Amino acid sequence: MSVFNQISPDSINDNTIKLIGKEWMLVTAKTGDKINTMTASWGGLGVMWGKPVAFVVIRPTRYTKEFIDQEESFSLSFFGNAYKKQLGYLGTVSGRDEDKITKSGLTVVNEDIPYFEEARLVLKVKKLYAQEMQKDCFINQELCEKWYPNEDYHTLYVTEIIDVLTK
């Protein structure tokens, strides 16, 4: 088992555009004894309400959203490019249909807030705010046409970063 070190959120040195947009992340939550995860490449890190935060968006059709909505906290795990194949798989297969975590070959650290042993960076987060995106709120309507032809708008979650683990 690899050893994670705890650091403060302001010690994260990664370029967040590359971290989230290029390397991707796994959004993972636990409800009861069930754990589900999904790959995400949209979101951000910053400061809101005087707290270090992560912004995460999830479409209503995603199985992981059911877990996120039922729980107070979840994790964001970052791996780097070496795990791109596994993250691609976890982003295209639903946990409703199969045990995709086991099939991915990744190892869950099954704590109150689960994350992955193979990750190089983990953010444990606590929900502060959630709002469904709405067509009328888009200033640039071309975004709706391009990204939401089925009107399946994301829910935006603003979460407080409560723990940062790194290798």
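User: What share of the 167 residues counts as buried here, and what makes a residue "buried"?

Analyst: Buried residues make up 43% of the 167 in the chain. The label goes to anything under 20% relative accessible area. Bear in mind that this is a predicted model.

User: Why is the chain called as compact as a globular protein of that length?

Analyst: Start with the content: 5 helices and 10 strands. The radius of gyration is 15 Å, and the globule rule gives 15 Å for 167 residues, so the chain is as compact as a globular protein of that length. Along the principal axes, the C-alpha trace spans about 50 × 40 × 30 Å.

User: How many of the contacts join residues at least 24 apart?

Analyst: Take the contacts between residues at least 6 apart in sequence: 73% of them join residues at least 24 apart. A contact here requires heavy atoms within 4.5 Å.

User: And what does the surface look like, in area and charge?

Analyst: The accessible surface is about 9100 Å², with 48% of that belonging to carbon and sulfur atoms. There are 20 positive and 23 negative side chains, and the centres of those two sets lie 4 Å apart.

User: Why is β6 described as largely enclosed by the rest of the structure?

Analyst: Go residue by residue through 73–78: 6 of the 6 are buried, so β6 is largely enclosed by the rest of the structure.

User: How do you know that both faces of β6 are covered?

Analyst: In a regular strand, side chains alternate between the two faces of the sheet. On one side of β6 sit Ser73, Ser75 and Ser77, on the other Phe74, Leu76 and Phe78, and all of these are buried.

User: Which strands pair with β6, and how do you know?

Analyst: A pair needs at least two bridges. β2 (residues 25–31) is joined to β6 by 3 bridges and runs antiparallel to it, with Thr28 partnered by Ser75. β9 (residues 121–132) is also antiparallel to β6, over 6 bridges, and there Ser77 has Val122 as its partner. Both counts meet the cut-off, so both are pairs.

User: What makes β4 and β5 a hairpin?

Analyst: The two strands, residues 43–48 and 51–58, pair in the antiparallel sense over 6 bridges, and 2 residues lie between them. Gly44 is bridged to Phe55, while Met48 stands opposite Lys51. Trp49 sits in the loop between β4 and β5. Its phi is near 55 degrees, a positive value in a residue other than glycine.

User: Where else does a residue other than glycine show positive phi?

Analyst: Trp24 does, with phi near 75 degrees. Trp24 belongs to the loop between α1 (16–22) and β2.

User: What does Glu160 touch?

Analyst: Leaving out residues up to four places away in sequence, Glu160 touches Lys51, Pro52, Val53, Lys124, Val125, Lys126 and Leu128. Glu160 is in strand β10. That strand (residues 155–166) pairs with β5 in the antiparallel sense over 6 bridges, one of them between Val56 and Tyr157. As for Trp49, its C-alpha is 9.5 Å from that of Glu160, although the two are 111 residues apart along the chain.

User: Which residues of α2 are buried, and what covers them?

Analyst: In α2 (residues 63–70), the buried ones are Tyr63, Thr64, Lys65, Phe67 and Ile68. Their cover includes β2, β3 (34–40), β5, β6, β9 and β10.

User: What about the loop between β5 and α2?

Analyst: Arg59 lies there. Not counting residues up to four places away in sequence, Arg59 touches Lys65, Trp147, Tyr148, Asp152 and His154. Arg59 and Glu132 are 73 residues apart in sequence, with their C-alpha atoms 9.2 Å apart in space.

Methods: Residues numbered from 1 in each chain as written. Predicted model: local features only at pLDDT ≥ 70, side-chain atom pairs only at ≥ 80, totals over all residues. Heavy atoms only, no water. Helix = DSSP H or I, 4+ residues; strand = E, 2+ residues; numbered from the N terminus. Rg over C-alpha atoms; globule rule 2.2 N^0.38 Å. Buried < 20%, exposed > 50% of the residue type's maximum accessible area, 1.4 Å probe, protein only. Areas by Shrake-Rupley, 256 points an atom, 1.4 Å probe, with all protein chains shown as cover. Lys, Arg positive; Asp, Glu negative; His and termini not counted. Charge placed at Lys NZ, Arg CZ, Asp CG, Glu CD.
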